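Hi,

Here is the structure I promised to pass on.

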Amino acid sequence: MKKEIKDIGLLLDEPKIRKWFAKALVDMMEKTHVSVSLIILPKKEKFSVKNIFFNSGLAKTRLLQNFIFYIKKIIGMQSPQTNKIAIDKLDCLKKTPRLYYKPINRGACVLELPEEVID
């Protein structure tokens, strides 16, 4: 009996995933009939003071994350970024199509996906 291949999509907040998740994903794709047919990522925003203070909650979040990362680096704490791997380094995801979207800012810390991503 032939097994049907199941397609899934990955909705990520950046083009990196934790190493343990990457290992689980590779194992799943190698040992089961599941494949990743689409990777959904937010568009990179250009850095500007205007974006940080007036527009995007995502830009503010990234700025805060980077600030915390550098403080931890200065005081010698390990960053969670060191436990991540770029999705382009995984052979099983290199040819997977990407869909980039601009999150819709709905308030202080509320972001929504655009309709075209949900469809």
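What share of the 119 residues in the chain is buried? Buried residues come to 24%, where buried means under 20% relative accessible area, exposed over 50% and partly exposed in between, with a 1.4 Å probe and protein chains only.

Some housekeeping before the rest. This is a predicted model, with local features needing pLDDT of at least 70 and side-chain atom pairs counting only at pLDDT 80 or more, while totals for chains, interfaces and linings use all residues. Numbering starts from 1 along each chain as its sequence is written, and side-chain values use heavy atoms, with hydrogens and water left out.

**Overall layout**

You'll find four helices and seven strands in the chain; these are DSSP runs numbered from the N terminus, helices being H or I with at least four residues and strands E with at least two. In sequence order the pattern reads β-β-α-β-α-α-β-β-β-β-α. Of the contacts (heavy atoms within 4.5 Å) with a separation of 6 or more, 72% are between residues 24 or more positions apart.

**The sheet**

Three strands form an open sheet in the order S1-S3-S5, with parallel pairing; two strands pair if DSSP finds at least two bridges between them. Strand S1 (6-11) and S5 are at the edges with a single partner strand each, so one side of each has no neighbour in the sheet. On average, neighbouring strands here are turned by 25 degrees against each other, direction ignored. S3 and S5 run parallel and are joined by four bridges, and Ile40 has Leu99 as its bridge partner in S5. H1 packs on the sheet, where it touches S1 and S3, and its direction makes about 145 degrees with that of S3. For those angles, axes are lines fitted to C-alpha atoms (for helices, over the stretch in contact), and angles run from 0 to 180 degrees between N-to-C directions.

**The core**

The largest nonpolar core has 12 residues, including Leu10, Met29, Val36, Ile39 and Leu90. Such a core is a set of buried Ala, Val, Leu, Ile, Met, Phe, Trp, Tyr and Cys residues joined through side-chain atoms within 4.5 Å. Helix H1 (19-31) and strand S3 (34-42) each supply at least two residues of this core.

**Thr96**

Thr96 is in the loop between strand S4 (84-86) and strand S5 (98-101). Thr96 counts as buried because its relative accessibility is 9%. Leaving out residues up to four places away in sequence, Thr96 touches Val36, Ser37, Leu38 and Ile39. Ser37 is 59 residues from Thr96 along the chain, yet their C-alpha atoms are separated by 6.1 Å.

Cheers
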